[in-house]
Amino acid sequence: MPFVEVSLNERSSFSPRSALVVQSELAHDVASFVVGSGVLPSSVPDGLPVSLQWGDDTGALQEFVGYVHHVEPLFSDAQPLGRFKCVCIGASWALMSGLQRSWQHQSLDTIVREVATEAFLSADVEAHSVLWPYIAANCAAWEFLLGLAAKINYTLAVNGTEVRFLSTDEVLRRSMPSAPRITTRSFRPVVGAATEIGRKSRRLGYGIDPRSGRMFSAIQGPAGAFVELDTEMTATTPEEAAAQVAARSPFVYRADAEAAGNARIRQASVVYVADVAFEYAGHWYVQQVEHDVSESNYACYFQLGKNARGAFAESKTQGFGVRVRTDPFGEVTGNPPPSILTNGVWRSSWARRAS
């Protein structure tokens, strides 16, 4: 039987009628749950800290931590049902605060770790070798991090109070050895012209050297194919241009699927799909997952990506290893730090800064 429990401000806990948690790349985690007559809407004001824990028959558990965004009364045929839905946004909401700062000759992973620490969040960040001459922020911290992820095509996801900033290769390396096997209830491949274009185009990254005023470029893709000019991608050094072009490797195969619930699965991970046609069987990258839990049923709805039919490219799967994180004090661990509530604010237990 599925399990789901909601805790409000760490004071009162109850089992909702149903809950939905949406975890998507490049987006805040969002959760909603339906509350019966035992809880009044006035007891869940906007901004109230909330934790939601759910699990399945395997014993796997996952936890959402965040804040109440708003409540919605539920109606049937214009008549109130006496219950309401509470919509919450994840702890990454702390990154919606403004950020005004600049960095010189820093790698993007260093910048991400610094921004996360300032928001009392932990960071699971993959190192990137390119040093950027100048990076400036004058927007919300979350918008700024999205821009950094887009520069090198890293995934950005926040689960609990942990920011994950990783390349697709790193996600595959970590996830594939222990990828959950899912049995699909429905599987709908998304195919079309985009698949063919993705296989034939070359991509051009370009920029102007601020010292010499000369233009440079970097091209990646099959010889003889047409060039796709990305007008949103600019660089100030050839190394930056090459890094951005190399990162442009979108999944050319996509699928939407439904399967029995599994609390081990989250966005930016890998699942194994076996009960589909041969050309679609194998490992798939999870771009988004929705956990839909009720008192009697638990289902997952997926948006999946793949870079080849049958399996991921062999080079992507080499070098398996355990996940390694280092906290701000140099302690190495393989597990994400727990989320704690301090003065009504969710923060990572690693964020032991003086407040």
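Modeller: A nonpolar core is a set of buried Ala, Val, Leu, Ile, Met, Phe, Trp, Tyr and Cys residues joined through side-chain atoms within 4.5 Å. In this predicted model, the largest such core has 43 residues, and F33, L52, W54, F187, W284, F302 and L304 touch the most other members.

Biologist: What makes the core that includes L99 a second one?

Modeller: That core, of 28 residues, is separate, and I111, A119 and F144 are among its members.

Biologist: Which residues is F302 in contact with, leaving aside its neighbours within four places in sequence?

Modeller: Among them are I182, A255, D256, I265 and V286.

Biologist: Why is P189 called partly exposed?

Modeller: The relative accessible area of P189 is 34%, and since buried means under 20% and exposed over 50%, P189 is therefore called partly exposed. P189 lies in strand β14, and beyond four places in sequence it is in contact with R254, A255 and Y280.

Biologist: How do you know which element of the chain has the lowest confidence?

Modeller: On a scale from 0 to 100, helix α4 (residues 193-200) has the lowest mean pLDDT among the elements, 42, whereas strand β3 has the highest, 96. For the chain, the mean is 81, and 72% of the residues reach 70 or more. Over residues 313-322 the pLDDT is below 50, although this stretch has 15 contacts in the model beyond near neighbours in sequence. Where pLDDT is low, predicted coordinates should not be read in detail.

How values were computed
Residues numbered from 1 in each chain as written. Predicted model: local features only at pLDDT ≥ 70, side-chain atom pairs only at ≥ 80, totals over all residues. Heavy atoms only, no water. Helix = DSSP H or I, 4+ residues; strand = E, 2+ residues; numbered from the N terminus. Buried < 20%, exposed > 50% of the residue type's maximum accessible area, 1.4 Å probe, protein only. Contact = heavy atoms within 4.5 Å. pLDDT = per-residue confidence, 0-100.
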